[in-house]
Amino acid sequence: MLYLIYAEDVANSLEQRLAARPAHLARLQQLKDRDRLVVAGPNPITDSEEPNSDGFSGSVIIAEFPSLAEAKSWADKDPYIEAGVYQNVTVKPFKRVF
């Protein structure tokens, strides 16, 4: 089943985000390599493809997991959590219609 992972950043976390980004992307690449990743990306604070120093307000991931518990467990181990980027992470079942 698919799950939506929505994470909200703490204010002014761009530096921590950039430092933890390689490890964060490596985990997403593992999902992609297993054909389990639908979409993943950050939410820029400004209405721009390149937010520069404005940073991000959070991230969205939609991926396939065997259960809600496993999706939550995976999300809880995100390097952005350890780096202090995320202040809140919500995981919900997601039904793809289109």
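The structure is a predicted model, in which local features need pLDDT of at least 70 and side-chain atom pairs count only at pLDDT 80 or more, while totals for chains, interfaces and linings use all residues. Residues are numbered from 1 along each chain as its sequence is written, and side-chain values use heavy atoms, with hydrogens and water left out.

Across residues 1-95 the chain is 35% helix and 36% strand, and its end C-alpha atoms lie 8 Å apart. Helices (H or I, at least four residues) and strands (E, at least two) are DSSP runs numbered from the N terminus. The UniProt record, an unreviewed entry, places the feature "domain: YCII-related" at residues 1-95; UniProt positions follow the numbering used here, feature names are shortened, and annotations may be inferred rather than shown by experiment.

The interior comes next. In soluble globular proteins, nonpolar side chains tend to be buried together. A nonpolar core is here a set of buried Ala, Val, Leu, Ile, Met, Phe, Trp, Tyr and Cys residues joined through side-chain atoms within 4.5 Å, where buried means under 20% relative accessible area, exposed over 50%, and partly exposed in between (1.4 Å probe, protein chains only). The largest such core has 11 residues: Tyr 3, Ile 5, Leu 28, Leu 31, Ile 61, Ala 63, Phe 65, Ala 71, Trp 74, Ala 75 and Val 91. At least two residues of this core come from each of strand S1 (2-9), helix H1 (14-33), strand S3 (56-64) and helix H2 (68-76). H2 provides the largest share, three residues. A second, separate core has five residues, among them Ala 7, Ala 20, Tyr 80 and Tyr 86.

Ala 20 lies in helix H1 and is buried, because its relative accessible area is 10%. Not counting residues up to four places away in sequence, Ala 20 touches Pro 79, Tyr 80 and Ala 83. The C-alpha atoms of Ala 20 and Ser 67, 47 residues apart along the chain, are separated by 26 Å.

Grid points are joined across faces, edges and corners, and a volume is the space filled by probe spheres set on the points. The whole structure holds one cavity of 30 Å³ or more. The largest cavity has a volume of about 50 Å³, and its lining consists of Ile 5, Ala 7, Ser 59, Val 60, Ile 61, Trp 74, Ala 75, Asp 78, Tyr 86 and Val 89. By class, the cavity lining has eight nonpolar residues, one polar and one charged; Ala, Val, Leu, Ile, Met, Phe, Trp, Tyr, Cys and Pro count as nonpolar, Asp, Glu, Lys and Arg as charged, and the others, Gly among them, as polar.

The largest pocket holds about 250 Å³ of space. Of its 15 lining residues, Arg 17, Arg 21, Leu 25, Pro 42 and Tyr 80 lie nearest its centre. H1, S2 and S3 are the elements giving two or more residues to this lining, and H1 contributes the largest share, six. The pocket lining has 10 nonpolar, three polar and two charged residues.

The loops complete the picture. Pro 51, in the loop between strand S2 (37-44) and S3, is buried, with a relative accessible area of 7%. Glu 49 has its place in the loop between S2 and S3, but is exposed at 75%. Asn 12, in the loop between S1 and H1, has a positive phi of about 55° although it is not a glycine.

Technical notes: On a 1 Å grid over the protein atoms alone, a cavity is a set of points where a 1.4 Å probe fits but cannot get out, and a pocket is an open set with protein on both sides within 12 Å along at least five of seven lines; lining residues have an atom within 4 Å of a point. Contact means heavy atoms within 4.5 Å.
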